[in-house]
Amino acid sequence: MDFLEIEGGKKLKGAVQISGAKNAALPLLTCTLLSKTPVHIGNVPNVADVKTLLQLLENLGAKQNFDNNQALVDTSGVNSTCANYDIVRKMRASILTLGPLLTRFGHCEVSLPGGCAIGQRPIDLHLKALEMMGADIDIRQGYVIASAPKGLKGANIVFDKITVTGSENIIMAAALAHGTTTISNAAKEPEVVQLCEALNKSGVEIKGIGSAEIEIQGSGGKLLDIADFSVIPDRIEAGTYLCAGAITNSEITVTNVIPEHLKALISKLISMGFEVLKTENSITIKPSSKILPADIETLEYPGFPTDMQAQFMALCTQADGTSLIDERLFENRFMHVSELLRMGANIKLTSHTATIYAPTKLTGADVMATDLRASSALVLAALAAEGTTRIHRIYHLDRGYENLEGKLSNLGAKIKRLSE
Ligand code: UD1
């Protein structure tokens, strides 16, 4: 198994190009199931989750080619509707095949994803919405068995909670349904917006894109001719590198980004005393003479993203004063805390809030990655720590960060990938 060895305490410098967004690429790849023609997607990040999803599509009978960040997917030969446990357990986002498979074939069997390190993560809202669209849903032997032999029909869906993949599943299901579907309380994340735009460009009439009220006109079962498109930049990867600049108090620039997508993050960095400069497609962070503590509450977009909570917690360990982080989305998303404590942080947890007493001197240690974003928090802490940190189980990082060690090395970090 690979691990990362990081020698901390080095300043970073330079620019880093941000890859395509994993969380946008995944629904875009599953939406190829709605297309009668091969779909070409550019700027696809070369990360483990993308490869897992391509493998799942291949298992269903699709043809795919993924090279140099370009994916070509042809789902015309799909002859299975079963997303099996072996793949779904590797990646929860496999649930994104549920809506497209059901709406195209009238039935499917998708393994229930189960819990994960950051909490229970149910899919009840996806299922309830599909039932409202006429699906019969049964849970048997760990699988969602869904059927709608005459196709799904438009419905008025009101999500009790904002759900990103839930909104995406229903948008894709609605694209081939009979009649009009409305979704209230839809997720507004840029990744959801890109899915809507891709479908819209391919002839699906969608109103309210980017708002909480979306209306989708279904094609009545007719497959689409999905146009080529390019995945939007990864706002979480960009935010992670900005935090790398912040925690080492260095000047770095992230390029190929959409600064608008990082508004909540940028405003938090500014409130912590950093100067942040933006161009149309880049963001530069400059050192701060004094890192100020922060109060952070994770929220749905455009609020502060839960996917950046762990990285900001690492940064808060270097602030001059006590910070408070309130995790509102996932009940158990504090797995990184015990590892940060091993590096010298002083953090107290009560229910869904973390109090970070700072500044603390971090020192290198052997630490364990527990989930994707928790792992990147450990990388950040290691960059600021005195001495050498070894981060084990980095397959979590490989799920969502393309060439992390290469990009950080180019910025001047001392980082090596080694095998146990
Ligand atoms: C997506 C992102 C993930 C991010 C999360 C929140 C992808 C592939 N993953 O995950 O990186 O951290 O959004 O921004 O895009 N919920 C229910 N019932 C449901 C669905 C969700 O109770 O049926 C709850 C969840 O437990 C959670 C909240 O709703 O508390 C939001 O979850 P959701 O937006 O669905 O997260 P994901 O789509 O799984």
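# Close-up views of a predicted model

**View 1. Strand β3 and its two partners.** Strand β3 (residues 39–42) pairs with strand β5 (residues 70–74) in the antiparallel sense, over 3 bridges. The model is predicted: local features need pLDDT of at least 70, side-chain atom pairs count only at pLDDT 80 or more, and totals for chains, interfaces and linings use all residues. Residues are numbered from 1 along each chain as its sequence is written, and side-chain values use heavy atoms, with hydrogens and water left out. Strands (E, at least two residues) and helices (H or I, at least four) are DSSP runs, numbered from the N terminus; two strands pair if DSSP finds at least two bridges between them. Valine 39 has valine 73 in β5 as its bridge partner. Strand β14 (residues 229–230) pairs with β3 in the parallel sense, over 2 bridges, and there serine 230 stands opposite glycine 42. Asparagine 43 lies in the loop between β3 and α2 (48–59); this residue has a positive phi of about 55° although it is not a glycine.

**View 2. The open sheet of 4 strands.** The strand order is β6-β7-β9-β8, and the pairing is mixed. At the edges are β6 (82–83) and β8 (136–140), each of which pairs on one side only. Strand β9 (residues 143–147) runs antiparallel to β8, and 5 bridges join the two. Isoleucine 139 stands opposite valine 144 in β9. Strands of a sheet pair through backbone hydrogen bonds, either parallel or antiparallel.

**View 3. The hairpin of β16 and β17.** Strands β16 (residues 275–278) and β17 (residues 282–286) pair in the antiparallel sense over 4 bridges. The hairpin joins them through 3 residues. Valine 276 stands opposite isoleucine 285 in β17.

View 4. Of the 18 residues around the ligand, Leu125, Thr163, Thr165, Asp307 and Leu329 come nearest; a residue is near a molecule if one of its heavy atoms lies within 4 Å of it. A polar backbone atom of leucine 125 is 2.7 Å from an oxygen atom of the ligand. An N or O atom in the side chain of threonine 163 is 2.7 Å from an oxygen atom of the ligand, and for a polar side-chain atom of threonine 165 the distance to an oxygen atom of the ligand is 2.6 Å. The protein covers 88% of the 740 Å² of accessible area that the ligand has on its own, an area from the Shrake-Rupley method with a 1.4 Å probe. Both α5 (124–132) and α6 (164–175) supply at least two residues of the shell, and α5 gives the largest share, 3 residues.

**View 5. Two cis peptide bonds.** Proline 302 lies in the loop between β18 (295–297) and α10 (309–316). Another cis peptide bond joins alanine 358 and proline 359, where omega is about 5°. Proline 359 is placed in the loop between β21 (353–357) and β22 (366–368).

Terms used
Polar contact = N/O pair within 3.5 Å; in protein donor to acceptor, adjacent residues only side chain to side chain.
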